[in-house]
Amino acid sequence: MIETTFWRGSVPRVRPLLGTVAAASFVVASYMALVWAPTDAVQGDVYRILYVHVPLAWLAYLAFVIVFLASIGWLWTKRPVFDAIAVASAEIGVLFTGLFLVAGSIWAKPTWGVWWTWEPRLVTTAIMFVMYVGYLLLRGLSTDFSRRATRAAVFGIVAVIDVPIVHLSVLWANSLHQLPTVLRVAGSPALDTPMLVTLMVSLGAYTLIYAYFMSARVSLELARQGRLWTRT
Amino acid sequence: MTGLGRIGLVAVRELRAERREPDGIVAAVTFIAVLVLLESLVVGPVVARDADIAPALFWIALAFATILATMRSFDRELEDDALEGLVALPGGRDALFGGKVVAIAVVLAIVALVGGLLSLVLLDLPLALPLHLVVVVVLGVVALPPVVVVDVVLALRLRARAALVPILALPVLVPQLVAASRGASAAIAGDAVGALSWAGLLFAFAVVYGVIGLTIVPAAIE
């Protein structure tokens, strides 16, 4: 009941404001990424795709971790809101992973000379993408609400193991992909301060976009669930 | 009866059913034999003997054989309407998952033995560390079924199940397939440390997915 009031009352009221803030922060982040941040000494301007690629990657990880947590929530409590959060986050995660792969590919062509190479980070990311497409497929093929939510929740828990594998693949294997520059095991981020600030602003902007998408999609899913309950 | 006893009971029941109607094991063995034969035709006899290529193709074939054997095992339950009775018993869901995993691992061991011998003989693979290879194969055989049984349970009674199970299972199986292939390659090439470290990873994945399966799969069987 509390969550219904929250998602159907408070969230729709706040959503236009959230959307405006997300759009404004996206404009600021784009300006900083394209104009304010300095040119890289080695890669030149092509490195600026980092300000799209890295936030998309982090948000994709976050989205799938949210799927995992919401899946546990559903199995534990059987509250429909958890299923709505899981499906919303999975769809956004798939979208962000797809964009993250495309952005990475566009970056790879001028720096590595190829659109795609069979190296661990790329392959594990593509596998993560396919895995969550499978998650959505599993949902799409189930008709009964409760069974669909339970099946999807189990798969959402199993699939999350791929997220750390994707992130750590560059450390475990000899990789063409560069090592982490922000979340480094030893030492501070290997980025100039203006570059780091721009990256953090971009990350904030994409997080707000994720939050906006989530609020819209969860409300939609709850409305859909409500129609299903009314029909049955 | 303890949980382990129930798991053993379901596994024995499953293996008896497999012995009575060995269509699952026959299909899996035939499948892996055909793939071994096709391998040298498709990639050429020289490439097929490569210490990296032969194990990789073998484990991919074994992953598909696991899917085949597991789906056949659950189809048999559905055809005989046996699933409802089993699930209704106290602890039946845990036992169903555990028993299926154990039984499929036994079936898979037979399939791996036949497929492995065929690969070694037909491809004339120079095997440097046979005992290490056995360790890798045993742990690989144990690491594959938990994931596949989870995915077959999730896709139970769904339309397009035959297409859905490989889509769900194969991406999750990637770390196990990489570890098993690299471990087998290392054993063939004579790298004892490499073979054992990949075998350790296989053991870890078997434990992780076994525990996850026993914890959450009962919830998925409705």
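## Helix packing between the chains

In this predicted model, the crossing of helix H5(A) and helix H9(B) is left-handed. The two helices pack at an angle of about 165 degrees, and their axes are 9 Å apart. Because angles over 145 degrees count as roughly antiparallel, H5(A) is described as roughly antiparallel to H9(B).

On the H5(A) side, the residues that meet H9(B) are A:Thr150, A:Arg151, A:Val154, A:Ile157 and A:Val158. Their counterparts in H9(B) are B:Ile212, B:Ile216, B:Val217, B:Ala219 and B:Ala220. Classified by type, the residues of this contact comprise eight nonpolar, one polar and one charged.

## The contact of chain A with chain B

The helix pair described above belongs to two chains, A and B. The contact between these chains draws 18 residues from chain A and 18 residues from chain B. On the chain A side, helix H4 (120–141) and helix H5 (145–159) each contribute at least two residues. The largest share of that side comes from H5(A), which supplies eight residues.

The side of chain A that touches chain B consists of 13 nonpolar, three polar and two charged residues.

## Helix packing within chain B

Helix H9 of chain B, which spans residues 192–220, also packs with helix H7 of chain B, which spans residues 130–154. The angle here is about 25 degrees, and the axes lie 8 Å apart. Since angles under 35 degrees count as roughly parallel, H7(B) is roughly parallel to H9(B).

The crossing of H7(B) and H9(B) is left-handed. Its contact residues divide into 23 nonpolar and four polar, with no charged residue.

## A buried residue in chain A

A:Val87 is located in helix H3 of chain A, which covers residues 80–112. A residue is classed as buried if 20 or more other C-beta atoms lie within 10 Å of its own; A:Val87 has 25 within that distance and is therefore buried.

When residues up to four places away in sequence are not counted, A:Val87 touches A:Arg139 and A:Glu221. A:Val87 and A:Ala153 are separated by 66 residues in sequence, while their C-alpha atoms are 9.5 Å apart in space.

## Confidence in chain A

The mean pLDDT of chain A is 86, and 86% of the residues in this chain reach 70 or more. Within chain A, confidence is highest in helix H2 (residues 50–77), with a mean of 94. The lowest confidence is found in helix H6 (residues 162–172), with a mean of 76.

Technical notes: Residues are numbered from 1 along each chain as its sequence is written. Chains are lettered from A and ligands numbered from 1 in the order in which they are written. This is a predicted model: local features need pLDDT of at least 70, side-chain atom pairs count only at pLDDT 80 or more; totals for chains, interfaces and linings use all residues. Axes are lines fitted to C-alpha atoms, for helices over the stretch in contact, and angles run from 0 to 180 degrees between N-to-C directions. Helices (H or I, at least four residues) and strands (E, at least two) are DSSP runs, numbered from the N terminus. Angles under 35 degrees count as roughly parallel, over 145 as roughly antiparallel, 65 to 115 as roughly perpendicular and the rest as oblique. A crossing is left-handed if the near helix is turned anticlockwise from the far one by less than a right angle, and right-handed if clockwise. Ala, Val, Leu, Ile, Met, Phe, Trp, Tyr, Cys and Pro count as nonpolar, Asp, Glu, Lys and Arg as charged, and the others, Gly among them, as polar. pLDDT is the predictor's confidence in each residue, from 0 to 100. Two residues are in contact if their C-beta atoms, placed from the backbone, lie within 7 Å. A residue is buried if 20 or more other C-beta atoms lie within 10 Å of its own, exposed if 12 or fewer, and partly exposed in between; C-beta atoms are placed from the backbone.
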